[in-house]
Amino acid sequence: MKLLQWNIWTQEKIENIAKVIKDLDPDIICLQELTADSDVNKGIHTAEYLRDLLELHMFYKAAQSWKPLTDVKSELGNAILSKYPRSEERRVGKECRSRW
């Protein structure tokens with residue numbers, strides 16, 4: 001089983017990330033700092049883009065969201081993408097709210 005863990009730092013074009021993931025062909029992918037409608041990937045929810053393009057199962061959780069100068073809400077989050085569906089889901093702990 002191949003596992004890929006990657007903090008993409010929000011500033012990379014999602015098409016480049018997708019190409020690397022395709023080339024590596026991991027079974028499970030853990031990504032940090034995915035965005036929804038960022039300056040680099042305008043109008044794209046990057047986690048959903050990867051899920052659909054690579055035909056993977058996904059769990060995504062937003063870590064931060066904000067409303068910039070436009071009316072579109074931007075978001076930063078983490079995702080686990082997998083070739084395999086989840087057999088169960090269990091959440092542990094409480095929601096954490098950032099002071100930022």
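This is a predicted model: local features need pLDDT of at least 70, side-chain atom pairs count only at pLDDT 80 or more; totals for chains, interfaces and linings use all residues.
Mentor: Residues are numbered from 1 along each chain as its sequence is written, and side-chain values use heavy atoms, with hydrogens and water left out. Local features need pLDDT of at least 70, side-chain atom pairs count only at pLDDT 80 or more, and totals for chains, interfaces and linings use all residues.

Trainee: Which residues of α1 are the buried ones?

Mentor: In helix α1, residues 14-24, they are Ile14, Ile17, Ala18 and Ile21; buried means under 20% relative accessible area, exposed over 50%, and partly exposed in between, with a 1.4 Å probe and protein chains only. They lie on the same side of α1 because they cover an arc of only 100 degrees around the axis, taken from the directions from the helix axis to the C-beta atoms.

Trainee: And which exposed residues are on the face turned away?

Mentor: That face of α1 carries Lys19 and Asp23, and just after the helix aspartate 25 takes a positive phi of about 50 degrees.

Trainee: Switching topic, what pattern does the protein follow along the sequence?

Mentor: The pattern reads β-α-β-α-β-β, with two helices and four strands, counted as DSSP runs numbered from the N terminus (helices H or I, at least four residues; strands E, at least two).

Trainee: How many of the residues count as buried overall?

Mentor: Of the 100 residues of the protein, 33% do.
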